[in-house]
Amino acid sequence: MELILKYFPDLSEDQQTKFRKLEELYKDWNLKINVVSRKDIDELYLRHVLHSLGIAKIQQFNPGAKILDVGTGGGFPGIPLAILFPETEFHLVDSIGKKIKVVEEVSEGLQLQNVKTTNARVEEIKGHFDFIVSRAVAAMPTFVHWTKGKIAKKSNHELKNGILYLKGGDLSEELQDYKTAKIYNLTDYFEEDFYETKKVVHLPLKYKG
Ligand SMILES: C[S@@+](CC[C@H](N)C(=O)[O-])C[C@H]1O[C@@H](n2cnc3c(N)ncnc32)[C@H](O)[C@@H]1O
(Lines give C-alpha, C1' and ligand atoms only; values in the text may rest on other atoms or scores of the structure.)
Protein backbone atom coordinates (compact mmCIF):
# COMPACT_ATOMS: atom_id res chain seq x y z
CA MET A 1 0.00 0.00 0.00
CA GLU A 2 2.91 2.37 0.74
CA LEU A 3 3.87 1.71 -2.84
CA ILE A 4 0.61 3.19 -4.09
CA LEU A 5 0.97 6.28 -1.89
CA LYS A 6 4.50 6.80 -3.16
CA TYR A 7 3.12 7.55 -6.63
CA PHE A 8 -0.39 8.72 -5.73
CA PRO A 9 0.16 10.75 -2.52
CA ASP A 10 -3.14 12.65 -2.72
CA LEU A 11 -5.43 9.67 -2.11
CA SER A 12 -8.35 10.37 0.22
CA GLU A 13 -8.85 8.28 3.37
CA ASP A 14 -11.66 6.47 1.59
CA GLN A 15 -9.46 5.62 -1.39
CA GLN A 16 -6.67 4.42 0.90
CA THR A 17 -9.11 2.19 2.80
CA LYS A 18 -10.34 0.70 -0.47
CA PHE A 19 -6.83 0.04 -1.76
CA ARG A 20 -5.91 -1.61 1.56
CA LYS A 21 -9.02 -3.81 1.49
CA LEU A 22 -8.19 -5.12 -1.99
CA GLU A 23 -5.50 -7.42 -0.65
CA GLU A 24 -7.81 -9.17 1.78
CA LEU A 25 -10.54 -9.53 -0.86
CA TYR A 26 -8.26 -10.95 -3.53
CA LYS A 27 -6.49 -13.28 -1.10
CA ASP A 28 -9.85 -14.68 -0.02
CA TRP A 29 -11.01 -15.14 -3.58
CA ASN A 30 -7.76 -16.70 -4.68
CA LEU A 31 -8.28 -19.52 -2.20
CA LYS A 32 -11.48 -20.38 -4.09
CA ILE A 33 -10.73 -19.38 -7.69
CA ASN A 34 -7.34 -18.61 -9.14
CA VAL A 35 -8.08 -15.05 -10.36
CA VAL A 36 -4.58 -13.76 -9.80
CA SER A 37 -1.73 -16.21 -10.42
CA ARG A 38 -0.44 -17.74 -7.20
CA LYS A 39 3.00 -16.18 -7.46
CA ASP A 40 1.51 -12.76 -8.32
CA ILE A 41 -0.81 -12.54 -5.32
CA ASP A 42 2.16 -11.81 -3.04
CA GLU A 43 3.00 -8.90 -5.27
CA LEU A 44 -0.57 -7.74 -5.76
CA TYR A 45 0.20 -4.05 -5.23
CA LEU A 46 3.14 -3.98 -7.59
CA ARG A 47 2.12 -6.33 -10.38
CA HIS A 48 -1.58 -5.57 -10.46
CA VAL A 49 -2.59 -2.43 -8.58
CA LEU A 50 0.28 -0.06 -9.34
CA HIS A 51 0.67 -1.54 -12.79
CA SER A 52 -3.00 -0.85 -13.58
CA LEU A 53 -2.63 2.69 -12.26
CA GLY A 54 0.14 3.23 -14.81
CA ILE A 55 -2.67 4.22 -17.18
CA ALA A 56 -3.50 7.15 -14.86
CA LYS A 57 0.02 8.54 -15.32
CA ILE A 58 -0.73 8.80 -19.03
CA GLN A 59 -4.31 10.08 -18.78
CA GLN A 60 -6.40 11.31 -15.83
CA PHE A 61 -10.07 10.48 -16.41
CA ASN A 62 -12.67 13.22 -16.02
CA PRO A 63 -15.76 13.00 -13.80
CA GLY A 64 -18.59 11.57 -15.88
CA ALA A 65 -16.29 9.97 -18.44
CA LYS A 66 -17.09 6.42 -19.52
CA ILE A 67 -14.36 3.79 -19.57
CA LEU A 68 -14.64 0.21 -20.84
CA ASP A 69 -12.20 -2.40 -19.48
CA VAL A 70 -12.07 -5.23 -22.00
CA GLY A 71 -11.10 -8.70 -20.73
CA THR A 72 -10.83 -7.44 -17.17
CA GLY A 73 -10.16 -10.94 -15.74
CA GLY A 74 -10.02 -10.43 -11.98
CA GLY A 75 -10.58 -6.68 -12.41
CA PHE A 76 -7.39 -5.26 -13.90
CA PRO A 77 -6.85 -2.52 -14.80
CA GLY A 78 -10.51 -1.55 -14.10
CA ILE A 79 -10.80 -1.93 -10.32
CA PRO A 80 -7.71 0.08 -9.28
CA LEU A 81 -8.64 2.80 -11.80
CA ALA A 82 -12.22 2.90 -10.48
CA ILE A 83 -10.87 3.52 -6.96
CA LEU A 84 -8.59 6.27 -8.23
CA PHE A 85 -11.33 7.97 -10.29
CA PRO A 86 -14.51 7.58 -8.22
CA GLU A 87 -16.53 9.96 -10.40
CA THR A 88 -15.73 8.20 -13.65
CA GLU A 89 -17.92 5.31 -14.86
CA PHE A 90 -16.18 2.00 -15.43
CA HIS A 91 -17.72 -0.89 -17.32
CA LEU A 92 -15.74 -4.09 -16.76
CA VAL A 93 -16.31 -6.91 -19.22
CA ASP A 94 -15.05 -10.48 -19.45
CA SER A 95 -16.23 -13.52 -21.35
CA ILE A 96 -15.57 -15.85 -18.39
CA GLY A 97 -18.45 -15.87 -15.92
CA LYS A 98 -16.52 -16.91 -12.82
CA LYS A 99 -14.04 -14.06 -13.29
CA ILE A 100 -16.84 -11.52 -13.56
CA LYS A 101 -18.39 -13.02 -10.43
CA VAL A 102 -15.16 -12.25 -8.54
CA VAL A 103 -15.05 -8.73 -9.95
CA GLU A 104 -18.66 -8.16 -8.86
CA GLU A 105 -17.91 -9.40 -5.35
CA VAL A 106 -14.77 -7.28 -5.07
CA SER A 107 -16.62 -4.24 -6.35
CA GLU A 108 -19.45 -4.84 -3.85
CA GLY A 109 -16.96 -5.48 -1.05
CA LEU A 110 -15.39 -2.09 -1.74
CA GLN A 111 -18.78 -0.43 -2.31
CA LEU A 112 -17.65 0.96 -5.63
CA GLN A 113 -20.60 2.94 -6.99
CA ASN A 114 -18.91 3.62 -10.33
CA VAL A 115 -18.36 0.04 -11.52
CA LYS A 116 -20.66 -1.96 -13.77
CA THR A 117 -19.78 -5.53 -14.75
CA THR A 118 -20.90 -7.68 -17.67
CA ASN A 119 -20.20 -11.29 -18.49
CA ALA A 120 -19.99 -11.17 -22.28
CA ARG A 121 -17.60 -11.01 -25.16
CA VAL A 122 -16.71 -7.40 -25.87
CA GLU A 123 -18.10 -7.72 -29.39
CA GLU A 124 -21.58 -7.93 -27.79
CA ILE A 125 -21.22 -4.74 -25.75
CA LYS A 126 -23.25 -1.75 -26.93
CA GLY A 127 -22.56 1.89 -26.20
CA HIS A 128 -19.77 4.42 -26.60
CA PHE A 129 -16.85 5.08 -24.29
CA ASP A 130 -14.25 7.81 -23.92
CA PHE A 131 -11.50 5.26 -23.47
CA ILE A 132 -11.14 1.52 -23.72
CA VAL A 133 -8.52 0.21 -21.31
CA SER A 134 -7.03 -3.26 -21.28
CA ARG A 135 -4.15 -5.51 -20.32
CA ALA A 136 -3.07 -8.84 -21.77
CA VAL A 137 -6.13 -9.65 -23.88
CA ALA A 138 -5.43 -9.68 -27.63
CA ALA A 139 -3.03 -8.38 -30.26
CA MET A 140 -3.81 -4.85 -31.43
CA PRO A 141 -5.41 -5.69 -34.81
CA THR A 142 -7.92 -8.03 -33.16
CA PHE A 143 -8.49 -5.60 -30.32
CA VAL A 144 -9.16 -2.70 -32.70
CA HIS A 145 -11.54 -4.86 -34.71
CA TRP A 146 -13.53 -5.61 -31.54
CA THR A 147 -13.61 -2.07 -30.18
CA LYS A 148 -13.46 0.52 -32.94
CA GLY A 149 -17.21 1.16 -33.07
CA LYS A 150 -17.39 1.80 -29.34
CA ILE A 151 -15.60 5.14 -28.99
CA ALA A 152 -17.53 8.27 -28.02
CA LYS A 153 -17.37 11.18 -30.40
CA LYS A 154 -16.86 14.01 -27.95
CA SER A 155 -13.51 14.16 -26.24
CA ASN A 156 -12.66 16.48 -23.40
CA HIS A 157 -9.52 14.73 -22.21
CA GLU A 158 -5.96 15.71 -22.94
CA LEU A 159 -5.52 12.65 -25.12
CA LYS A 160 -7.91 11.86 -27.94
CA ASN A 161 -10.53 9.23 -27.19
CA GLY A 162 -9.41 5.70 -27.98
CA ILE A 163 -7.55 2.72 -26.55
CA LEU A 164 -5.12 2.77 -23.62
CA TYR A 165 -3.49 -0.64 -23.54
CA LEU A 166 -0.88 -1.99 -21.11
CA LYS A 167 1.54 -3.93 -23.28
CA GLY A 168 5.05 -5.30 -23.36
CA GLY A 169 7.74 -6.49 -25.72
CA ASP A 170 8.68 -5.18 -29.11
CA LEU A 171 5.51 -3.59 -30.46
CA SER A 172 6.86 -2.43 -33.81
CA GLU A 173 5.28 -5.24 -35.83
CA GLU A 174 2.01 -5.25 -33.90
CA LEU A 175 1.60 -1.50 -34.30
CA GLN A 176 2.90 -1.11 -37.83
CA ASP A 177 -0.56 -0.37 -39.25
CA TYR A 178 -1.35 2.17 -36.52
CA LYS A 179 0.65 5.27 -37.30
CA THR A 180 -1.20 7.37 -34.74
CA ALA A 181 -0.34 5.02 -31.86
CA LYS A 182 1.92 6.50 -29.22
CA ILE A 183 3.92 4.39 -26.79
CA TYR A 184 4.54 5.57 -23.21
CA ASN A 185 7.14 3.81 -21.07
CA LEU A 186 6.13 3.08 -17.49
CA THR A 187 9.82 3.27 -16.53
CA ASP A 188 9.53 7.05 -17.12
CA TYR A 189 6.99 7.27 -14.30
CA PHE A 190 7.92 4.50 -11.85
CA GLU A 191 11.18 3.23 -10.38
CA GLU A 192 9.77 -0.25 -9.96
CA ASP A 193 10.16 -3.00 -12.50
CA PHE A 194 6.96 -4.15 -14.16
CA TYR A 195 8.52 -7.25 -15.67
CA GLU A 196 7.56 -7.77 -19.28
CA THR A 197 4.67 -5.28 -19.53
CA LYS A 198 6.32 -1.90 -19.34
CA LYS A 199 4.40 0.19 -21.83
CA VAL A 200 1.09 1.91 -22.33
CA VAL A 201 -0.05 2.24 -25.92
CA HIS A 202 -2.44 5.08 -26.69
CA LEU A 203 -4.30 4.57 -29.95
CA PRO A 204 -6.79 7.30 -30.86
CA LEU A 205 -9.84 5.83 -32.56
CA LYS A 206 -12.35 7.74 -34.64
CA TYR A 207 -16.03 7.57 -33.77
CA LYS A 208 -17.74 5.10 -36.06
CA GLY A 209 -21.29 5.63 -34.84
C1 LIG B 1 -4.82 -12.93 -19.76
S2 LIG B 1 -6.36 -12.45 -19.11
C3 LIG B 1 -6.05 -10.80 -18.57
C4 LIG B 1 -6.97 -10.38 -17.48
C5 LIG B 1 -6.74 -8.97 -16.93
N6 LIG B 1 -6.94 -7.95 -17.95
C7 LIG B 1 -5.36 -8.84 -16.32
O8 LIG B 1 -4.49 -8.24 -16.94
O9 LIG B 1 -5.15 -9.34 -15.20
C10 LIG B 1 -7.35 -12.19 -20.58
C11 LIG B 1 -8.82 -12.07 -20.29
O12 LIG B 1 -9.49 -11.61 -21.46
C13 LIG B 1 -10.74 -12.26 -21.55
N14 LIG B 1 -11.17 -12.17 -22.95
C15 LIG B 1 -10.55 -12.67 -24.04
N16 LIG B 1 -11.23 -12.37 -25.16
C17 LIG B 1 -12.33 -11.65 -24.77
C18 LIG B 1 -13.43 -11.05 -25.46
N19 LIG B 1 -13.54 -11.12 -26.80
N20 LIG B 1 -14.35 -10.38 -24.74
C21 LIG B 1 -14.25 -10.31 -23.39
N22 LIG B 1 -13.24 -10.86 -22.68
C23 LIG B 1 -12.30 -11.53 -23.37
C24 LIG B 1 -10.46 -13.67 -21.02
O25 LIG B 1 -11.63 -14.30 -20.57
C26 LIG B 1 -9.46 -13.39 -19.89
O27 LIG B 1 -10.11 -13.24 -18.64
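Two residues are in contact if their C-beta atoms, placed from the backbone, lie within 7 Å. By that criterion, and not counting residues up to four places away in sequence, Val122 touches Val70, Val93, Trp146 and Thr147. The model is predicted: local features need pLDDT of at least 70, side-chain atom pairs count only at pLDDT 80 or more, and totals for chains, interfaces and linings use all residues. Residues are numbered from 1 along each chain as its sequence is written.

**Ligand surroundings**

- The ligand is surrounded by 17 residues, and the closest are Gly71, Gly73, Phe76, Val122 and Arg135; a residue is near a molecule if its C-beta atom, placed from the backbone, lies within 6 Å of it.
- This shell comprises eight nonpolar, five polar and four charged residues, where Ala, Val, Leu, Ile, Met, Phe, Trp, Tyr, Cys and Pro count as nonpolar, Asp, Glu, Lys and Arg as charged, and the others, Gly among them, as polar.
- An unreviewed UniProt entry lists Gly71, Phe76, Val122, Glu123 and Arg135 under "binding site"; such annotations may be inferred rather than shown by experiment, and the positions are given in the numbering used here, with feature names shortened.

- Phe76 is found in the loop between strand S1 (66–70) and helix H5 (78–84); helices (H or I, at least four residues) and strands (E, at least two) are DSSP runs, numbered from the N terminus.
- Phe76 counts as buried because it has 26 C-beta neighbours inside 10 Å; a residue is buried with 20 or more other C-beta atoms within 10 Å of its own, exposed with 12 or fewer, and partly exposed in between, C-beta atoms being placed from the backbone.
- Leaving aside neighbours within four places in sequence, Phe76 is in contact with His48, Ser52 and Arg135.
- Val122 occupies the loop between strand S3 (115–119) and strand S4 (131–135), and Val122 counts as buried with 21 C-beta neighbours inside 10 Å.

**Strands S4 and S5**

- Strands S4 and S5 run parallel and are joined by five bridges; two strands pair if DSSP finds at least two bridges between them.
- Arg135 has Leu166 as its bridge partner in S5.
- Six of the six residues of S5 are buried, so S5 is largely enclosed by the rest of the structure.

**Leu175**

- Leu175 lies in the loop between strand S5 (162–167) and strand S6 (182–185).
- With 19 C-beta neighbours inside 10 Å, Leu175 counts as partly exposed.
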